[in-house]
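Hello,

Here is the structure you were expecting. Please open it alongside this note.

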Amino acid sequence: MKTPKRFIAGAVCPSCKEMDKLMMWSENNVPHRECMACGFMDTLDEQGLSIPAEPSTRIAQPTPIAQESKPIRFFPNPKLNKTSH
């Protein structure tokens, strides 16, 4: 059973430190919270402490974004300068 989301007055987001932006709700008697300012989300345990997310491992890693590769010149070569003096 899922309870409706509700704002928590005076609550501060642990990620972005914005006040009055946290919403809380429960799913199957497990409390969750979400920041409407930065998108931070977590789940709370019985004592109200944040349950850490699964750490990144070799198996559970996000897929890298392919980037266009470009050559890097550490020291400019004056002979490659095509402007005339």
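Below is what was found, from the whole chain down to single residues.

Please keep in mind that this is a predicted model.

Overall make-up

The protein has five strands and zero helices. Read from the N terminus, the order of elements is β-β-β-β-β. The protein has 85 residues, and 14% of them count as buried. Take contacts between residues at least 6 apart in sequence: 12% of these join residues at least 24 apart.

Surface

The accessible surface of the protein is about 7,800 Å². Carbon and sulfur atoms account for 58% of that surface. There is also a nonpolar surface patch of about 470 Å². Which residues make this patch? They are Ile72, Phe74 and Phe75.

Phe74

Phe74 sits in the segment after strand E5, which spans 50-51. Is Phe74 buried or exposed? Its relative accessibility is 69%, so Phe74 counts as exposed, because the cut-off for exposed is over 50%.

Ala9

Ala9 lies in a loop. That loop runs between strand E1 (6-7) and strand E2 (22-27). Ala9 has a relative accessible area of 75%, so Ala9 is exposed as well. The cut-off is again over 50%. How far apart are the C-alpha atoms of Ala9 and Met19? They are separated by 8.2 Å, and the two residues are 10 residues apart along the chain.

Best wishes

Notes. Residues are numbered from 1 along each chain as its sequence is written. This is a predicted model: local features need pLDDT of at least 70, side-chain atom pairs count only at pLDDT 80 or more; totals for chains, interfaces and linings use all residues. Side-chain values use heavy atoms; hydrogens and water are left out. Helices (H or I, at least four residues) and strands (E, at least two) are DSSP runs, numbered from the N terminus. Buried means under 20% relative accessible area, exposed over 50%, partly exposed in between (1.4 Å probe, protein chains only). Contact means heavy atoms within 4.5 Å. Accessible areas come from the Shrake-Rupley method with a 1.4 Å probe; for residues, only the protein chains shown count as cover. Patches are made of residues with over 30% relative accessible area and no salt bridge: like charges are joined within 9 Å, nonpolar side chains (Val, Leu, Ile, Met, Phe, Trp, Tyr) within 5 Å. A salt bridge is a side-chain nitrogen of Lys or Arg within 4 Å of a carboxyl oxygen of Asp or Glu.
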